[in-house]
Structure formats: structure tokens, C-alpha cells
Protein chains: 2
Amino acid sequence: MKRERLIYLPLGGAGEIGMNAYVYGWGAPGKERLILVDMGVTFPDMDNAPGVEVIMPDITWLEERVSRLEAIFITHAHEDHIGALGHLWPKLKARVYARKFTSAIGRLKLEELGLPGDAITTVAARPEVVEAGPFRVQFVPLSHSIPESAALIIDTPGGRIVHSGDFKLDRDPVVGEAWDDALWQQIAEEAPVKALMCDSTNVFSTHPGRSESTLAGPLAELIGRAQGMFVATTFGSNVARLRTLAEAAAAAGRTVCVMGRSMKRMLAVAQETGVMTAFPRTVSPEEALEIPRASLMLLVTGSQGERRAAAAALSRGKYLGHEMKAGDTFLFSSRTIPGNEKEVFRIWNALSAIGVRVVDDEGGLYHVSGHANRPDLEHVHRLLLPDMLIPMHGEHRHLSEHVRIATEAGIAAQVAVNGMMVDLTGEVPAVVEYVDTGRLYLDGSVLIGALDGVIRNRIRMALNGHVLATVILDESDEPMGEPWIELMGLTPLGRGGRDLAETMENELAEWMNRATRKVLKDDGRIEDDIRRIVRQVAVEEIGKKPEVTVVVSRLVAE
Amino acid sequence: MKRERLIYLPLGGAGEIGMNAYVYGWGAPGKERLILVDMGVTFPDMDNAPGVEVIMPDITWLEERVSRLEAIFITHAHEDHIGALGHLWPKLKARVYARKFTSAIGRLKLEELGLPGDAITTVAARPEVVEAGPFRVQFVPLSHSIPESAALIIDTPGGRIVHSGDFKLDRDPVVGEAWDDALWQQIAEEAPVKALMCDSTNVFSTHPGRSESTLAGPLAELIGRAQGMFVATTFGSNVARLRTLAEAAAAAGRTVCVMGRSMKRMLAVAQETGVMTAFPRTVSPEEALEIPRASLMLLVTGSQGERRAAAAALSRGKYLGHEMKAGDTFLFSSRTIPGNEKEVFRIWNALSAIGVRVVDDEGGLYHVSGHANRPDLEHVHRLLLPDMLIPMHGEHRHLSEHVRIATEAGIAAQVAVNGMMVDLTGEVPAVVEYVDTGRLYLDGSVLIGALDGVIRNRIRMALNGHVLATVILDESDEPMGEPWIELMGLTPLGRGGRDLAETMENELAEWMNRATRKVLKDDGRIEDDIRRIVRQVAVEEIGKKPEVTVVVSRLVAE
């Protein structure tokens with residue numbers, strides 16, 4: 001038997017920010033026992049995946065080896081770590097482990113899809129240990145921007161791995177456990193850290209990260225000074241921020257009303273699970289209508305400009321009976337994720353047109369990041385002194401920058417993007433295999449592969465328009481009537497105001513008159529010829545090359 | 001006759017950044033003689049206008065009053081100010097005035113579309129005056145990020161207007177004329193400024209703007225230190241930047257090669273028109289292949305991540321024989337315009353994967369903006385002391401912030417977005433009319449209205465997919481064969497792996513069997529029923545509500 005080895009294989013989240021899914025394995029090559037860490041989603045956009053609900057990693061590799069899968073661990077309840085649980089768990093059906101708050105969110109996700117919530121086992125923080133085949137796993141609390149985020153300590157026969165999850169060095173995180181240098185020192189002393197898999201999101205931020213608690217003062221001042229109604233948006237899962245905002249509102253004599261399903265759910269779960277005990281009294285949107293505007297604060301979803309969320313709805317007019325007016329204040333207590341600028345500015349502009357004062361994070365005064373910045377990462381490298389470092393949770397540029405700083409600190413570091421299997425057994429990380437990975441789209445209620453061509457065709461229709469051509473032939477291959485054209489997403493008029501469909505039909509009728517029996521017998525030839533003629537006319541008349549669907553109907557005498 | 005008045009009417013560029021087009025008028029209400037300043041485009045994206053080439057203002061209002069149009073003035077040769085010239089000029093056919101460099105670019109644009117280049121008259125800078133009906137217009141040179149940008153002084157019987165165009169306060173702009181306080185003081189003293197129409201792009205930038213010349217040192221140092229090939233991208237029209245980059249390259253012993261049509265055109269025009277005299281020697285891409293990589297600098301287009309431009313091509317592999325390698329450097333000497341982040345990061349990540357060192361503007365070290373920041377705007381307000389200020393060139397949030405700071409300085413300021421006609425005759429600006437405005441899309445070679453429904457249908461196909469259903473009936477309304485389904489942009493398999501098209505066909509066949517003669521006589525009823533059934537099946541099988549096109553063919557005996 002071959003020597004046993006310790007492997008790491010990202011299936012999602014490495015080379016991108018989103019849809020995290022990382023596999024670890026121990027055993028003889030090809031026979032490793034496996035665990036999966038996180039099952040996240042990423043969000044589609046019109047450029048890449050129009051009409052798609054969410055995107056998740058293609059876990060075919062793992063499905064094919066599911067008999068070797070010991071367990072699934074979820075580090076925290078952000079969508080990019082837990083969002084695919086309901087969609088992908090049925091393919092794996094392994095036991096899922098998570099801390100209490102994360103479990104509660106995960107159970108809701110499973111149950112919504114008719115799956116058994118008790119597939120998730122709630123685990124206490126270290127020193128509790130989950131035994132999963134050759135792996136001994138502990139959840140170590142750390143601070144992030146959601147309650148109960150955790151790093152994993154994964155002890156294996158090949159050594160100790162620290163999987164950082166998403167984290168920041170917050171010594172006063174408002175809700176949840178503070179970062180604790182002594183704890184991490186102890187972890188590193190207990191057993192040397194063979195490999196650190198480390199969050200890379202903020203590797204380009206060169207200043208030390210700031211604590212969630214630094215926001216309380218500026219927010220209290222801003223809210224205290226405000227006239228009229230005050231509306232604030234932030235990420236619904238940032239329960240600590242919600243509490244800071246709500247406490248500042250209460251201190252200013254304002255009553256708090258929470259709007260938006262995801263935010264209400266997070267707050268409810270945080271209170272039910274006991275991760276957050278104190279929170280100012282809130283009222284329902286209906287009750288809020290009875291409260292004078294200047295004594296009210298709305299906490300709303302939609303900080304990224306999501307069109308269906310409360311923030312966008314309020315920018316368009318009345319929402320649940322509430323309406324913003326000149327002199328009110330709207331606060332983005334959030335950062336705009338790259339790619340969402342247009343949507344966020346759409347809200348800002350609409351509110352500006354009403355006369356609302358819009359305040360954004362103002363360079364950190366009203367928002368702090370949930371991820372460790374470069375100096376914080378370097379601090380963690382020094383604390384843990386890992387033999388190896390594999391950056392994760394980043395685009396390629398983040399991963400390679402993280403490798404650069406680790407290498408400079410004398411750590412053997414390696415960029416590993418989705419599909420790169422890394423052998424951690426030796427002194428340095430070694431890429432040993434490239435595994436096919438990809439993306440699955442949840443489209444409506446169906447999972448489709450990113451490369452199935454379905455979405456590619458939608459993008460093509462959006463760019464080029466769609467022409468439908470129908471011809472009918474009888475049993476002796478004689479045309480019955482003339483070809484018929486329907487346009488979708490194309491201007492009806494070509495050059496000089498000529499009817500585009502008619503011009504196409506005329507050209508097709510001429511072609512049909514000339515077509516030989518041999519051509520008319522052959523559906524493939526007919527389709528090719530019609531497509532070519534339709535495109536020629538379109539290029540001449542409107543300068544576009546549309547998608548063309550040809551329907552050849554052959555009527556058989558009955 | 002009613003009292004004559006001085007009016008201002010933005011048709012594009014106010015309430016958005018892009019497609020600038022501003023009308024001024026003097027005369028009796030409804031009989032004003034008019035001029036148009038700028039004819040710009042804006043760029044589409046997949047969210048709003050998939051497949052569209054460029055977007056321009058709908059100038060129907062002006063077309064309907066074209067007999068009153070005296071002239072068109074173009075402030076500078078950026079696409080958002082001149083890009084629509086070739087497309088919209090045929091609707092107006094008025095004489096166009098611009099400075100030499102702008103004229104040259106404009107002529108190329110007209111001639112490319114088979115229009116007469118001599119429609120443009122080249123005008124020298126102030127003191128030359130263009131007389132256009134009641135308007136006396138002077139071009140005043142100022143610094144921006146393209147040669148020969150100009151403000152317009154528009155003297156009217158109702159007073160002096162200053163139309164700022166795009167500008168910054170650059171006292172050492174490398175190419176072109178420096179900002180000159182004394183000149184502007186003189187302009188304000190010569191005749192009091194009734195109204196200032198002012199660039200608002202950078203009103204949220206609270207630090208004073210920096211000069212183009214400050215980049216020379218940092219760029220020379222960066223390029224001097226670099227190993228391997230050096231590739232830099234910036235806006236092709238920023239001729240000053242190109243010169244600074246090329247000079248830094250030459251000083252470091254590197255030969256310069258320019259790649260990308262738009263950049264080459266701008267450089268050529270700058271040299272032909274004499275606005276830029278000195279520029280280091282350049283070589284063609286073929287000649288550059290003979291030069292050692294470490295002695296080469298490529299200047300490339302595509303700083304916004306445009307997929308077809310040189311930067312993106314180089315990030316994907318070989319381009320014109322050149323290929324980036326580990327150890328090379330790639331510089332974004334540019335700012336990423338909000339909305340383009342994903343495309344820019346795609347290039348960065350691809351280069352990072354090759355091992356190229358990617359450098360961005362690093363907070364201003366390698367790029368400065370071409371627009372005046374807030375303190376610069378305030379300086380200009382104080383210099384010109386206008387009675388009124390109407391902010392332009394900004395989204396609503398920029399315009400209203402600009403109004404706020406002007407109002408605080410005691411200037412009568414007014415937000416006027418596209419379509420708001422402002423009467424400037426009195427003491428304060430007064431909105432007197434709302435004019436229908438909108439957007440025109442150049443789609444292929446055809447201009448279509450934004451509200452024509454063509455693009456809306458494309459977006460719907462992209463989001464929902466497209467189903468084609470065909471049925472054939474004979475002359476006595478009897479179905480011939482069964483209904484036929486084609487899918488485009490939809491998964492072929494529904495729940496449990498059932499064939500989606502087949503399921504739809506079966507349902508439609510059943511419906512057809514049950515359908516009464518009355519229904520089958522009525523194309524509208526057939527289409528409605530088929531659409532409803534197709535959507536029902538789709539919702540059940542795949543959870544989507546597709547677009548449906550129904551083709552009912554009725555065969556007539558011949």
C-alpha cells in the first residue's frame with residue numbers, strides 16, 4: 001500500500017470570493033477519508049448568469065467519492081458558506097456539524113426545502129471535539145461580522161491544520177467572542193500547526209483592521225443629530241451592527257422598526273440561540289406608523305442595492321406604509337461590494353431626488369470590515385507559525401498577494417485555486433492533481449451546469465435578439481405556404497423603414513422557389529440555408545446577427 | 001409679444017454621468033433661438049441594454065425645433081461629449097463649432113459614417129468669437145484629461161453664461177493649457193457671470209485635485225525599477241498621460257509600442273494638430289518583437305477591462321505576437337469607473353495567474369482625475385461669483401451636493417436634471433417646463449428608442465428563456481399534426497428528468513383535443529391558451545415563467 005497522505009482540495013472559494021467548499025483528506029492516495037468544510041453560494045449577475053437564482057460549486061468529484069465522506073463542517077452562517085446546504089446536501093447526505101447559531105440557520109434552510117433539519121448536529125466550541133474518521137475537529141470561536149463564526153482545528157495523523165474561516169482580529173466585537181491571542185498561542189503550542197488555510201479577502205488593506213465597537217460613538221452622534229426619520233441599512237447577518245444601530249437609536253429617543261425578512265430572521269435566531277441577549281425593543285411596521293417620524297429608526301435590508309429589498313423599495317416610494325421625505329436621513333452602514341455600485345447609487349440618487357440626506361460609510365466612520373487586513377494576517381502568521389500556508393477566500397490576485405507576504409515571512413506558501421489538489425504531507429505543499437470543478441446554477445427550481453449551454457443561449461438572445469422561422473412541407477417535400485418569421489428582441493423596422501420580418505420572408509420565399517428537391521428533403525440543409533439567409537438580411541438591414549431558430553414542419557397525410 | 005427670456009435645458013448629462021447634451025435659448029417663450037452644447041454617448045451594460053452599441057440622448061424636442069437651432073458647440077473630444085455626433089447630427093444638420101483637436105476627432109467620426117466632415121468649423125480660443133443668432137460664444141481653454149478641453153463663454157442679451165465643460169484646476173497639465181486664475185478673473189470682470197453651468201463629477205472628493213505633472217516622478221521610479229516587459233494602460237484620450245508614461249519609459253531605456261486603435265488615433269491627431277509636439281519614438285507591434293522584453297514598454301487600451309481591447313487580450317494570452325510572462329509588470333494608470341470593477345479584476349486575476357506583477361493607481365500615485373474636486377469647485381465659484389449656479393455632469397447625488405455647497409456660499413443654485421427647462425432671466429433660476437427626454441440606443445446599425453420594447457424583450461428572454469410553440473390548422477380549423485415546442489435558453493429536462501418540451505407538447509395536444517371549434521377559429525384565443533399552458537408546465541417542471549412565442553399557421557388549399 002502506498003504511503004498515506006494529507007490532502008487539501010478547494011472545490012469553491014479559491015480563486016473567487018464566494019461559494020466556499022473545501023475538502024480535506026487523509027489516507028492512501030485515492031482512498032483518503034474525506035471531510036468537507038462549508039457549502040456556500042455566490043450570486044449571479046446579468047453578464048454571467050442572467051435569470052439564475054444562485055450559483056454553487058459543482059461537487060461532482062465529491063459525489064463520486066461520497067462513500068469516503070465522513071462529515072461536513074460549516075464555519076458560519078453567511079450565504080457564501082452555508083447557502084448551498086439545502087441544494088447540495090441531498091447529493092452527499094453526510095452528517096453536518098456547526099455551532100449553535102449556524103445550526104439554527106442551517107436547519108431553517110434544510111426544512112424550507114423539505115429536508116431533515118436534524119441532519120445538522122450542534123457542536124460546542126473547543127474543547128469539544130468531533131471525531132470524523134481520521135479527523136478530530138474543533139470549532140474555535142473568532143470574530144467576524146456574524147455571530148459564532150469559527151475557525152476549525154483539524155487534527156489529522158498528518159498533523160494539525162488550522163482552517164481560519166472568515167475572521168478579523170476584533171478584541172471588542174460587540175456581539176460574540178473577542179479575538180484572543182493567548183488562545184491561539186496555546187493552540188499553536190499544543191501541537192505545531194502543519195498548515196494554515198487562511199482568509200485572504202482583505203490582504204490588500206494595508207492598515208490594521210478596526211473593531212466593531214469603534215462605530216458606536218460616530219453612529220450615536222450621527223443618529224443623535226439627525227432630524228426627521230432615520231433609516232439605516234446594513235448586512236442582515238451583522239447582528240452586532242444592528243445592535244449598535246438600535247442602541248444608538250434608543251439613546252436618541254428613537255423606536256426601532258426592522259424591515260426585511262433576512263434581517264428579522266437573523267435577529268430572531270440570534271435571540272433564540274442566546275448569542276445576543278440585549279437588544280432594544282422593536283415595533284412592527286404597522287405600529288411604527290403611529291410613531292412620530294423624528295422618533296423612529298428603520299433598520300432595513302438591501303445595503304447592496306438589491307431591487308426587491310426594503311432599501312430599494314423605500315427609495316421608489318411607499319413601503320409597508322412608510323415613505324421617506326425631504327430632511328430624513330438614510331445611512332449605508334455597509335461597504336458596496338464591487339459590482340453592486342450601480343444598484344447602490346440608484347438608491348442614493350432616488351433618495352437624493354426626494355431630498356433625503358444620504359450618508360455612506362465615509363471611509364470607515366460608519367462601517368468596518370469583517371475580514372482581517374494585511375497587518376492582522378501577518379500577526380496571525382506570527383502567532384501560529386505554520387509550516388505551510390494556503391490562502392483561500394480570495395480571487396487569484398488576493399491569493400497570490402497572500403502567498404507573497406507569507407513567503408517573505410519564511411512560510412512555505414502555495415496558491416491553490418479550485419480544483420488544485422495539494423498534498424500537505426511533506427515539508428512543503430505540493431500540487432498533485434487537477435480535479436474538474438465548475439459551477440452549478442439554481443435556475444428556477446432546477447440545478448443546471450454552467451457549461452450546459454442553457455445560459456449561454458440566454459446571453460446570446462439578450463445580445464443578438466431571436467428570430468423564429470417556420471416552414472411547412474407536405475409529404476412530397478413541397479412547401480405549403482410561405483416561410484413565416486417572428487422577431488423577438490429585434491427592431492421591427494430595418495433601413496429606410498422597411499419591415500424587417502417581411503424582408504426576411506421575401507428572401508426566404510425566393511430561396512424556397514429556387515430550392516431543389518434534394519435540399520427540401522433534408523431538414524439540416526433547410527435549417528442551415530434559412531439561418532444563413534435570415535442572418536444576411538439582418539446584417540444588411542439592422543447590422544445585427546441574431547440567434548435563429550428554424551422550425552421545419554412536415555405534414556403527413558393522415 | 002411676451003418678454004424675451006434666457007433658458008437652459010439639459011437633454012442629457014444632468015442626473016447621470018454620460019451622454020452630455022445641453023440646450024441654451026434666448027427669445028420670446030416658445031420662440032427662443034437655440035444652441036446645443038455637446039452630443040455625447042453613454043455606454044450600455046447587460047443589465048440595462050444588452051447587445052446595444054452605445055446610448056445617446058433622445059433629442060426629439062430639439063429636432064422638432066430645428067429651424068430655431070443656430071449652432072452646435074462641442075467642448076472636447078471625449079465620447080460622452082462628442083460620441084453621438086455622427087449618429088445625431090443628420091437629425092439637426094446645424095453647423096458645428098469646436099477647437100482644432102476636437103474638430104479633427106469629430107470629422108473622423110462624421111466621415112466614418114459617410115457624412116460631411118466640413119460640417120465642423122474649427123474655432124480658435126478666446127478672444128475669437130462665434131456669432132450664432134443672439135449668442136456670442138468663446139472657447140476658453142482649460143485643463144482636463146484630453147487635449148484642448150474648453151469652457152464656453154456664452155454671451156447673450158440676458159447676460160453672460162459660463163458653461164464649464166469638463167475641467168480640473170491643473171497649473172501644470174503636461175500637455176495643453178494650464179488653469180489660469182487671472183484669465184478667469186478677467187472673464188468675470190469683463191461682464192458679470194449671470195449663470196455658471198458647472199461640472200459636478202468630483203464634488204464628493206474633499207481634497208484639492210492634483211496635477212497631471214505630479215505623476216512623472218512616481219511613474220519614472222516605478223518603470224525604472226521594473227524587470228521584464230512593462231505594460232501600461234490608461235484612457236486612450238489622455239495624451240498627457242501617454243506622454244508621461246512614454247517619457248518615463250524612454251528615460252529607463254525602454255522603447256515604446258502603442259497597441260489599440262483608439263489610442264493610436266488620439267496620439268496621431270494630437271501630433272497632426274500640433275497640440276502635442278514632443279513624444280518619444282514608438283515602434284509597431286511587429287518591430288517590438290525584435291526588442292528585448294526588458295527594453296520594451298507597451299501602451300495599451302482597455303483600462304476599463306473592455307473585453308475586445310488590448311489589455312484584456314494580453315491577459316488572455318498572445319496579442320499581436322506579444323505575451324506577458326512571470327516577472328513582467330502591468331500598470332493600470334487609470335481609475336476604474338464604477339460598474340467596471342469585475343472586468344478590470346478579471347484582467348488583474350488572469351495576469352496574477354501568469355505571475356505578472358499588477359500595479360493599480362495606488363491611491364493616486366499613478367493616476368489623477370481630470371475633474372475638479374470640491375475645494376477646486378469652491379475656488380471657481382469664488383473666482384467667477386456667478387449670480388446662479390446650475391450643476392451638470394453628475395448623477396442626482398452629485399448635482400444636489402453641488403447645489404448644497406453653492407447655496408452655502410450664497411449663490412442661487414438649482415438642481416436641473418434632463419428635461420427640466422430653467423428660466424435664467426430673473427434673479428434666481430426658475431424651472432418653467434418639463435420636457436420629455438429619454439435615451440436612444442444604437443443597436444447594430446439602427447437607432448431605437450429605449451422604450452420601444454425591443455430591449456425589454458431581450459432582457460426578458462435572458463432572464464426567463466424563450467419557448468416557441470407552433471400549431472398548424474387547415475382551412476376548416478382542424479389541427480394538422482400536434483403542437484410543436486422548441487426551447488431556447490431553458491433546461492431540456494424538468495423534474496425527475498422528464499423531457500420539458502415533450503411534457504409541454506403532451507399538455508398542448510390534450511388541450512387541442514378538447515378545444516372547441518370556436519377557440520380554434522380564434523388566433524388570439526389559441527395564443528393565450530397555449531401561452532398559459534406552456535407557462536404552467538414550465539413553472540411546475542422547472543420553476544420558471546418563460547417568454548412564449550406562439551406561431552399559428554393556417555394552411556389554405558391552393
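These legends describe close-up views of a predicted model.

Local features need pLDDT of at least 70 and side-chain atom pairs count only at pLDDT 80 or more, while totals for chains, interfaces and linings use all residues; side-chain values use heavy atoms, without hydrogens and water. Residues are numbered from 1 along each chain as its sequence is written, with chains lettered from A and ligands numbered from 1 in the order in which they are written.

**View 1. An open sheet of six strands in chain B.** The strand order is β16-β15-β17-β14-β18-β19, with parallel pairing. The edge strands, β16 (282–283) and β19 (357–359) of chain B, each pair on one side only. Strands (E, at least two residues) and helices (H or I, at least four) are DSSP runs, numbered from the N terminus. Pairing requires at least two DSSP bridges between two strands.

**View 2. Strands β14 and β17 of chain B.** β14 (residues 230–233) and β17 (residues 296–300) run parallel, joined by four bridges. B:Thr233 has B:Val300 in β17(B) as its bridge partner.

**View 3. Helices α7 and α8 of chain B on the sheet.** Helix α7 (residues 239–251) lies across β14, β15 (255–259), β17 and β18 (329–332), at about 170° to β17(B). Helix α8 (residues 261–272) touches β15 and β17 of chain B. Its direction makes about 115° with that of β15(B). Contact means heavy atoms within 4.5 Å. Axes are lines fitted to C-alpha atoms, for helices over the stretch in contact; angles run from 0 to 180 degrees between N-to-C directions.

**View 4. Domains of chain A.** The assignment, automatic or from a database, gives domain 1 (5–207 + 369–449), domain 2 (213–364) and domain 3 (465–554). The C-alpha centres of domains 2 and 3 of chain A lie 55 Å apart.
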